[in-house]
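Please read the following note alongside the chain, which is shown just below. The points go from the terms used, through the whole chain, to single residues.

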Amino acid sequence: VEVGPDGPRGSPGGVAGISDPHTISVSADGRKLAFSKFTARQNIWSIPVPGSGQVSVRAATRITTGNQVIEAHSLSPDGEWIAYDSDIRGEFDVYRMRLEGGAPQMIAEISGTMYQPEWSPDGTEFAFYGKPRTAGSAEVFVVSVAGGTPEQLTGFPGGDGIPDWSPDGLTIAFQSEGPEGHDEYNIWTISRDSVGGRWSDPVQLNDLPCGRPDWAPDGKSLVCDGGADLVRLSIDGEILGRLATAPIVGQPGSPKFSPDGSKIYFRGVQEDGSQGIWWIPPEGGSPTKVLAFDDPALAVVADFTVGPDRFYLTLAEYESDIWVMDLDW
């Protein structure tokens with residue numbers, strides 16, 4: 001844009017020949033433009049859960065490919081599919097893909113962005129959250145695996161998201177800013193009497209600031225991210241325990257029960273800056289590190305999924321090149 005003594009003159013004009021610029025710098029004489037071109041390949045990788053000791057993220061193998069950004073994912077109950085969100089089409093949609101390979105299949109399509117598809121325990125439905133273009137905030141949806149129009153379950157003015165199914169498939173826990181749209185998340189639930197039945201209105205489980213709920217396999221409690229600690233809540237909202245995670249500093253993230261309920265896995269950072277995944281007993285105790293994020297070429301981002309014998313991680317390979325072009329004024 002041309003600038004005069006009173007500010008911009010006219011409308012801005014696009015600089016031809018540039019795609020995906022990240023940062024720019026103009027030479028002092030205004031004749032050259034340098035810019036960095038940023039490429040993100042953020043895909044799903046897999047690594048066995050160690051029986052003892054810890055493993056390095058360097059041993060992970062790639063599940064998905066492509067120049068895309070994937071954030072969250074979940075396994076199908078039969079362990080043959082993985083569902084995930086991706087911006088491969090320019091905005092986030094939700095997909096599923098066979099773990100043995102094959103083309104991704106779109107789960108649902110709404111006008112807007114969609115994130116974190118979660119399989120129902122019987123494998124017939126997905127829960128996810130998204131922000132339709134017609135809505136002012138993110139909401140929770142459910143859609144049949146067979147397809148169709150997603151059903152919107154929430155409608156608060158604040159953001160609703162990170163849904164997780166109860167083991168019987170009759171309740172979904174999610175984080176929400178609630179009807180007041182405040183700045184902190186609490187755990188809410190929404191229920192039905194039978195699979196395929198009508199969903200109730202959302203109910204606040206507890207007013208404790210907590211997010212990212214994950215149900216215990218027995219369906220009697222759930223764990224959530226309470227900031228400095230992980231918190232276990234009963235299905236009636238009673239605080240069953242605060243699980244201290246020292247020597248982890250900062251906020252432990254993305255708590256996940258193991259399939260047998262004997263461990264709670266979470267992401268963390270130690271005081272020396274090393275990162276990884278730890279587990280802690282549901283009743284509390286000392287964390288045990290099982291996976292080290294020790295490859296500088298693979299950035300660990302967003303969520304992870306715990307399967308019967310494998311972790312599924314979102315790992316990013318970032319690349320940035322510098323380009324220089326002549327400017328024609």
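1. In what follows, helices (H or I, at least four residues) and strands (E, at least two) are DSSP runs, numbered from the N terminus. The model is a predicted one, in which local features need pLDDT of at least 70 and side-chain atom pairs count only at pLDDT 80 or more, while totals for chains, interfaces and linings use all residues. Residues are numbered from 1 along each chain as its sequence is written, and side-chain values use heavy atoms, with hydrogens and water left out.

2. On the overall fold, the chain has 28 strands and zero helices. Its radius of gyration is 22 Å, close to the 20 Å that the globule rule gives for 329 residues, so the chain is as compact as a globular protein of that length; the radius is taken over C-alpha atoms, and the rule is 2.2 Å times the number of residues to the power 0.38. Along the principal axes, the C-alpha atoms fill a box of roughly 70 × 45 × 40 Å.

3. On burial and surface, 49% of the 329 residues count as buried, where buried means under 20% relative accessible area, exposed means over 50%, and partly exposed lies in between (1.4 Å probe, protein chains only). The accessible surface of the chain comes to about 16,000 Å², and 48% of this belongs to carbon and sulfur atoms; such areas come from the Shrake-Rupley method with a 1.4 Å probe, and for residues only the protein chains shown count as cover.

4. Thr314 belongs to strand β28, which covers residues 310–326, and is buried, with a relative accessible area of 0%. What does the side chain of Thr314 make a polar contact with? The partner is the side chain of His73, at 2.9 Å, and a polar atom of the Thr314 side chain also lies 2.8 Å from the backbone oxygen of Glu71. A polar contact here is a pair of N or O atoms within 3.5 Å; within protein, one must be able to donate a hydrogen and the other to accept it, and residues adjacent in sequence count only if both atoms are side-chain atoms. Beyond four places in sequence, the residues in contact with Thr314 include Gln42, Asn43, Ile70 and Asp303.

5. Arg212, in strand β19 (residues 211–215), has a positive phi of about 50° although it is not a glycine, and is partly exposed at a relative accessible area of 30%. Ser254, in strand β23 (residues 248–257), likewise has a positive phi of about 50° without being a glycine, but Ser254 is buried, at 7%.

6. Phe257 also lies in strand β23 and counts as buried at 8% relative accessibility. Leaving aside neighbours within four places in sequence, Phe257 is in contact with residues including Trp215, Pro217, Leu222, Ile264 and Val306. Its C-alpha atom is 13 Å from that of Lys220, which is 37 residues away along the chain.

7. Leu230, in strand β21 (residues 230–234), counts as buried at 0% relative accessibility, and beyond four places in sequence it touches, among others, Val223, Cys224, Leu243 and Phe266. Leu240, in strand β22 (residues 239–243), is partly exposed at 43% and touches Ser221, Arg232, Leu233 and Ser234, again not counting residues up to four places away.

8. Finally, Pro48 lies in strand β4, which covers residues 32–48, and counts as partly exposed at 39% relative accessibility. Apart from neighbours within four places in sequence, Pro48 is in contact with Val55, Asp309 and Arg310. Pro48 and Val3 are 45 residues apart in sequence, and their C-alpha atoms are 58 Å apart in space.

Terms used: Contact means heavy atoms within 4.5 Å.
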